[in-house]
Amino acid sequence: MGKVVLVTGVARQLAGRFVRRVLRDPSVERVIGVDAVAPAHPMGGAEFLKADIRHPAIARVLAETGVDTVVHMDVNSTPPGGRGGRTAVKETNVIGTMQLLGACQKAPRVQRLVVKSSTGVYGSAPRDPAVFGEDTPPKSLPSGGFAKDVVEVEGYVRGFARRRPDVAVCVLRFANVLGPCADSPLAEYFSLPVLPTVLGYDPRLQFVHEEDTLAALLIAASEPRRGTLNSGTFNIAGDGVLLLSQTARRLGRPTLPLLLPTVTWAGAALRAVGVTDFSPEQIRLLTHGRVVRTTQMRETLGFEPEYTTARTFAEFARSRGPGLLPPRTLARTVDRLADALSARPAQ
């Protein structure tokens, strides 16, 4: 008998792709996808069970199916398909995770738990270190939104790991996921015709490609390869960083520098009309940025991303089409302006 894998949040594209990828593993006997709504995309040969992880009934699902590997991907910043509000998202992230972990604790066959987390757990603050390691405490904990959800989720996961030391627990903290199919709030922001930015700030950003996200999840859900260990907490990001100004130039989209209070007001206005989920935590990211160290990802987990941060963004930019300004023309204009300003004699 091969492994029985349960994946949560399969109504989303990324989780659906992960399910189809797991099915290719010859050691896997059965794959079960769980979500509160039926997925619109194909599930391959996987089974779909309509179940809300916020309800205690999820324990019955684990008990009846004999699951030994749980991949929890239902921790997200927005509801699937844009349906529902912030309250429903928080309940799924926090209450849903609590119920799922309670079900795993009662299921003696569960041997491995993988949790899709986020580097948002570190927050974004002006006094942050230049680079976050897995054991670097944030200067200030996130005060709300998805980032706070992730902090709570990881706290519950650590409690579960103490209660069930026989279960291999792997938490993957992904940087901002981008790619041709990305549907995150940051992807929506980069799709705006004009990018509002915070005057005086040019934050450093990291990205991870969708394909690398799937590959890292597969490694975490499998038996560890020789010389590696896929239990613990790992930052997952592509090599290198990009400045926000560089992303705008590569997209061919002009920026609109605004004072921070104005950006906050603009974000609230964009959320109100449903253009994009320009949340306060995203404003902090686009003000102070965030960069993580990925040494443990390579040396312990044994994962090497195929895409760098720059290549990931290039793939995303190609999928979004040209902006208002041709990138090369915009780059030349900015460079000439910078040269002209630097050549001005000091007064």
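Predicted model: local features only at pLDDT ≥ 70, side-chain atom pairs only at ≥ 80, totals over all residues.
Good morning. I begin with a pair of helices, α3, spanning residues 86-106, and α4, spanning residues 145-163, whose axes come within 10 Å and cross at roughly 5°. Because angles under 35 degrees count as roughly parallel, α3 is classed as roughly parallel to α4. On the α3 side, the residues in contact are Arg 86, Lys 90, Asn 93, Val 94, Thr 97, Met 98, Leu 101, Cys 104 and Gln 105. From α4, the contact draws on Gly 145, Phe 146, Asp 149, Glu 152, Val 153, Tyr 156, Val 157, Phe 160 and Arg 163. Sorted by class, this contact between α3 and α4 comprises 9 nonpolar, 4 polar and 5 charged residues.

Let me turn to the chain as a whole. Its secondary structure consists of 12 helices and 13 strands. The protein chain has 347 residues, and 49% of them count as buried. Among contacts in the chain with a separation of 6 or more, 80% are between residues 24 or more positions apart. The accessible surface amounts to about 16,100 Å², and carbon and sulfur atoms contribute 56% of that area.

Finally, the cysteines. How many disulfides does a search of the whole structure find? The search returns 0. Cys 181, in turn, counts as partly exposed because its relative accessibility is 46%. A further cysteine, Cys 104, is one of the α3 residues in the contact with α4.

Thank you.

Terms used:
Residues numbered from 1 in each chain as written. Heavy atoms only, no water. Helix = DSSP H or I, 4+ residues; strand = E, 2+ residues; numbered from the N terminus. Buried < 20%, exposed > 50% of the residue type's maximum accessible area, 1.4 Å probe, protein only. Contact = heavy atoms within 4.5 Å. Areas by Shrake-Rupley, 256 points an atom, 1.4 Å probe, with all protein chains shown as cover. Disulfide = S-S within 2.5 Å. Axes fitted to C-alpha atoms, helices over the stretch in contact; angles between N-to-C directions. Parallel < 35°, antiparallel > 145°, perpendicular 65-115°, else oblique. Nonpolar A, V, L, I, M, F, W, Y, C, P; charged D, E, K, R; others polar.
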